[in-house]
Amino acid sequence: MTSSIPIPYLLLFLSSFGASVFVSAGSHRAILRAISDERAGGSRDYAVELNATNFDAVLSETPATYAIVEFFAHWCPACRNYKPHYEKVARLFNGADAIHPGIILMTRVDCALGINSNLCDKFSVGHYPMLFWGPPSKFVGGSWKPKQEKSDILPIENGRTSSLLLEWINKKLGSSYGLEDEKYQNEQLQTNISDPGQIARAVYDVEEATSTAFDIILQHKMIKSDTRASLIKFLQLLVAHHPSRRCRRGSADILINIDDLCPSGALSANKEEVASCTKDGILGNYQICGKEVPRGYWMFCRGSTNETRGFSCGLWVLLHSLSVRVEDAESEMAFKTTCDFIHNFFVCQECREHFHEMCSSVSTPFKNARDFTLWLWSAHNKVNDRLMKAEASLETADPKFPKVIWPPKQLCESCYRQSKKGNESSEIDWDHDEVFKFLVSYYGKTLVTLYKDKELGGGSEKSTVDELVASTSAVVVPVGAAFAIAVASCAFGALAWFWRSRQKNRKYKYLHSLKST
C-alpha cells in the first residue's frame with residue numbers, strides 16, 4: 001500500500017539534510033539520495049517537537065517518569081549548534097528504539113513561532129536554549145518563574161553539551177547512563193519485587209499487550225468464521241473491564257463496526273469481503289488503544305534482553321487485571337472467554353495447548369469472581385512451575401527476572417501460612433483469602449495508580465459501561481429475549497451488547513437522515 005507525502009512535510013524532512021539538497025530540489029535523485037541516507041542511518045531527530053496545541057496532551061499522556069523541555073528559536077545559531085548535543089541524549093530515552101525507554105521524555109519548543117509565544121512566556125524563557133526538568137504532569141498547565149520557591153520544575157543550568165546534560169541527569173537520578181550505551185547495556189532495571197508500586201507502570205504494558213495482540217490477530221488473518229464469536233466476546237470483556245479507558249473506547253469502536261467489517265456470512269462463505277478484517281484491510285486502520293499505542297517498548301514487563309518478558313508478561317497482566325474486575329455473575333463467561341481467546345488467538349502453539357489443558361480440567365462452572373481470579377492465579381503459577389524447569393535445563397531464563405512462584409513473600413507474606421512444604425506452588429500452603437485480597441489490590445487499584453490524575457483509566461467498570469451507554473441519545477431499542485439470555489449468561493456481555501445495539505441504532509438513524517435530506 002502506497003501513500004503520498006504532503007509537500008510541507010517533505011520540505012521539512014529535506015531541510016535536515018542541508019542546503020545542498022535544495023540547490024537541486026527539482027532532482028529526483030537528490031530526493032532519493034536524502035531518503036537513502038536516512039534509511040542508511042543518517043541524521044535523525046529523536047527529541048519530540050511540541051507546540052502550544054499539543055504541549056499539554058503529549059506531556060499528560062507520556063508514560064515517562066520525567067520530562068525535559070528545551071525552549072529554543074530556530075533562527076538562533078547557538079540553538080542550531082546545540083541541537084546535535086541534545087539529540088545525542090534524546091537517542092537514549094526517546095522513541096521505540098530508545099536505549100532506556102520510559103524514563104525521560106525529551107522535547108523541544110520553538111519560541112520563534114508565534115503560536116508558542118504565550119507558552120514560552122509562561123515559563124519565563126529569557127534566553128536560548130533554555131532547558132527545564134520535571135515530572136511531565138507538572139508541565140501540563142504549568143509555569144515557571146525565576147527564584148520561584150518549591151517548584152517541581154527545575155531549570156537545567158549546566159547542560160550545554162551532551163556530556164554535561166547526561167552528567168546532570170545521572171546526578172539527578174543516581175544513574176550511570178552513558179552516551180555510547182546500546183540497547184540492554186547498562187540497564188537500570190527495577191528488580192525490587194518487594195515494591196508493590198512497580199505494578200503501576202504495567203498499566204502502559206497492558207495497553208501495549210492489547211494493541212500487540214490485536215495486531216497479531218490481524219497480521220495472521222486469524223478472524224475466521226469459527227473464531228469471530230470468540231473475538232467479539234473478548235472485545236465485550238475489554239469494553240466492560242479493561243483498566244485503560246482508551247482501550248475500552250477503542251475496543252468499543254471495533255465492536256460497534258465489526259458486523260460491517262467482518263460479517264459472519266462473508267467469513268463463512270470465504271468471500272473477498274474478509275480482506276477488510278485483516279491488517280491490510282479497513283480493520284487495520286483501527287487503533288484499539290488509541291493513536292499513541294503501540295509505543296514499541298515495555299515498562300514493568302521489560303526484560304534484560306530483547307527475547308525475554310515483553311508481550312507474554314503484558315498479556316498475563318491484562319488477564320489478571322480483567323479477572324479482578326469482573327462481577328460474580330460474569331465469572332463463568334469471563335473464564336470461557338479468556339480460554340477461547342488464548343486457544344484461538346495466541347500464536348505460541350505449545351503455550352496455548354497447555355493453557356487449553358488447564359481450561360479443560362475445570363469441570364464445575366464458576367459461580368463467583370473470587371474462584372475465577374484464584375483459578376487464573378493458580379494457572380499462571382503452574383505455567384511458571386513448568387517454565388522454571390525448562391529454562392533451568394536449557395539456560396534460557398532471564399537472569400534478572402527468573403520465573404518465581406507468585407506472589408513472593410516479599411510482596412505478600414500473609415499469603416503464606418506458617419508451614420511451607422516446598423518451593424513449587426502446589427507444595428505451598430496458601431491462604432487463599434489473603435491471596436485473593438492481594439490480587440484484587442495489586443491488579444486492581446494499584447495497577448491504575450498512575451492514571452488517577454489522567455483520563456486514560458480509573459473509575460469503576462460499571463460506571464464506565466454506564467458512561468458508554470449514556471453517550472448516545474438514540475432511542476432505546478427493544479431488549480427482548482436476547483437481552484434476557486445475555487443477562488443470565490454474563491453481565492458484561494449484556495451491557496456490551498446493549499450499548500452496541502444502541503450505538504448501531506444511532507449510526508443507522510444518522511445514515512437514514514442523510515438519505516432523507
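This is a predicted model: local features need pLDDT of at least 70, side-chain atom pairs count only at pLDDT 80 or more; totals for chains, interfaces and linings use all residues.

Student: Which residues of helix 8 are buried?

Tutor: Burial is read from relative accessible area, with under 20% as the cut-off. In helix 8 the buried residues are S162, L165, L166, W168, I169 and N170. Their cover includes strand 2 (66–72), helix 5 (77–93), strand 3 (104–110), strand 4 (130–134) and strand 5 (154–155).

Student: What follows helix 8?

Tutor: The residue after helix 8 is G174, and its phi is positive, near 70°.

Student: How does one read the packing of two helices, such as helix 16 and helix 17?

Tutor: One takes the angle and the separation of the axes. Helix 16 (residues 369–394) packs against helix 17 (residues 432–445) at about 90°, and the axes are 10 Å apart. Helix 16 is therefore roughly perpendicular to helix 17. On the side of helix 16 the contact is made by R370, T373, L374 and W377, and on the side of helix 17 by H432, D433, V435, F436 and L439. Sorted by class, this contact has 5 nonpolar, 2 polar and 2 charged residues.

Student: How many salt bridges are found in the whole structure?

Tutor: The search finds 16 salt bridges. In one of them, K83 pairs with D45, and the closest N and O atoms are 3.1 Å apart. K83 lies in helix 5 and D45 in the loop between helix 3 (28–39) and strand 1 (48–50), so this pair ties together parts 38 residues apart in sequence.

Student: Are K83 and D45 buried, exposed or in between?

Tutor: K83 has a relative accessible area of 24%, so it counts as partly exposed. D45 is also partly exposed, at 44% relative accessibility.

Student: Where do the partners R108 and E70 lie in the chain?

Tutor: R108 and E70 form a salt bridge with an N to O distance of 2.9 Å. R108 is in strand 3 and E70 in strand 2, 38 residues apart, and the pair links distant parts of the chain. Both R108 and E70 are buried.

A further salt bridge joins D152 and K138, at 3.7 Å from N to O. D152 is in the loop between helix 7 (136–139) and strand 5, whereas K138 is in helix 7, 14 residues apart. D152 is partly exposed at 44% relative accessibility, and K138 is partly exposed with a relative accessible area of 40%. Salt bridges that share partners also join E49, E70 and R108 into one network.

Student: How many helices and strands does the chain have, and what share of its residues is buried?

Tutor: The chain has 20 helices and 7 strands. Of its 517 residues, 47% count as buried. Among contacts in the chain with a separation of 6 or more, 71% are between residues 24 or more positions apart.

Methods
Residues are numbered from 1 along each chain as its sequence is written. Side-chain values use heavy atoms; hydrogens and water are left out. Buried means under 20% relative accessible area, exposed over 50%, partly exposed in between (1.4 Å probe, protein chains only). Helices (H or I, at least four residues) and strands (E, at least two) are DSSP runs, numbered from the N terminus. Contact means heavy atoms within 4.5 Å. Axes are lines fitted to C-alpha atoms, for helices over the stretch in contact, and angles run from 0 to 180 degrees between N-to-C directions. Angles under 35 degrees count as roughly parallel, over 145 as roughly antiparallel, 65 to 115 as roughly perpendicular and the rest as oblique. Ala, Val, Leu, Ile, Met, Phe, Trp, Tyr, Cys and Pro count as nonpolar, Asp, Glu, Lys and Arg as charged, and the others, Gly among them, as polar. A salt bridge is a side-chain nitrogen of Lys or Arg within 4 Å of a carboxyl oxygen of Asp or Glu.
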